[in-house]
Structures are given as structure tokens and as C-alpha cells.
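Try each task before reading its solution.

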Amino acid sequence: MALFRSCEDSGVNKWEKVATLLLVGEGATEVAFLNHVKATYVARGAGLRVTVKNAHGKGAKHVIEWTIRQIGDFDLKAALLDTDQDWTAAVAKRAKSAKVKVLTSEPQVEAMLLRMLGQSDSGDPQTLKTRLAPFVRNQALVAENYADRFDRACLEAARLREATLDELLRLLEKPPQVKPAKRKVTRDS
């Protein structure tokens, strides 16, 4: 649902529509990265309000169901999730039918982040977390720790190689279409 914000232009108070986007991360690492990207790409007053939430893991199916249940009339809902657990055609179909944009990190977000930096993405989940740690000041759960290595120049270069990152950045650069306001029909209308 579009929000409205007050803006003053030449001393005249006007109201502008603001698109709303819900970004859900499968876990804390995804949420930290999404918050970093939001801070990097979404300026105040840009006509887009982004809300980032944490689905607290449990696999792709849980993330999609959790995203669908989120209260709020958002113009668009998107979920960044790993494909290493529970990602099936049925889950993809459920997301599509509920109009949730799925951003998949193959096989998990740490692998995607390492690829963005030109690093190897092979290994088990713990190996990938360990390999990513030095690039995020050994704390991947803190959004500010992504600023040094995942600055705008890095993200712009990496989007050419990482389709999921490109999709995410497109959501932030081109806000979703604002849903028209629902109008109550009364006898006097």
C-alpha cells in the first residue's frame, strides 16, 4: 500500500505517494546484508520505504510462508533465501501465487557474498562462514561491517555476475508500482 509523505516545495505543502517494499532475509546474515544494501541504495525522500525483517531460518518453505503471513499492505514482498534446504518447485510455485519475489542465494548467502568478492564458493556451510568472516570484520551479523568490502562499486561490479544481486538492486532502484488506494463506496458516492 502506498504511503504518503509530506514534502514542502516552494513553501507549498504537498503529499507524495511512497512505494513500500518488504525485504525478508532467511536469517541474520541475510538481514545484515539487506540492511547494508538498503543503506547504500535507498536515500531518504527517494519515494521508497523499505522494511527489512528476519524469518529466523528453518529453510526456504518456512521463509516463504513467513513472508506471506507478514501483516502490512506492501506494494511488493521479496525474500532472500538459501537454496540448500527446502527449496522445491512447490515452494517456488507457492511464492509466485502469493506474489512474493524470491531472491535465491545459491546454495547459501555466504557463497554468494564470497563470489561477489571473487573468492571461492566451494565448501560446506561452516567453511563458507569461516571464509567470509575476515571480509566482514569477523561479524557477518552486523550491517555496518559490509561497508568496507561491499561498497557501491563492488556491488555494481558484482551485479553483472550475480543475478540475485542484480534483482535485489533493481527492486531498490526502480520502486514497485504503487497500488491504487482502495476507495470505499458509500451511498453518497
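Contact means heavy atoms within 4.5 Å. This is a predicted model, where local features need pLDDT of at least 70, side-chain atom pairs count only at pLDDT 80 or more, and totals for chains, interfaces and linings use all residues. Residues are numbered from 1 along each chain as its sequence is written, and side-chain values use heavy atoms, with hydrogens and water left out.

**Exercise 1.** Find out whether Gly-25 is buried or exposed, and list what Gly-25 touches.

*Solution.* Start by locating Gly-25 in strand S2 (strands, E, of at least two residues, and helices, H or I, of at least four, are DSSP runs numbered from the N terminus). Next, check the accessible area: Gly-25 is buried, at a relative value of 0% (buried means under 20% relative accessible area, exposed over 50%, partly exposed in between, with a 1.4 Å probe and protein chains only). Then look for partners: leaving aside residues up to four places away in sequence, Gly-25 touches Glu-30, Val-31, Leu-34, Lys-53, Asn-54, Ala-55, His-56 and Leu-80. Finally, pick Ala-55: this residue is 30 residues from Gly-25 along the chain, yet their C-alpha atoms are separated by 6.1 Å.
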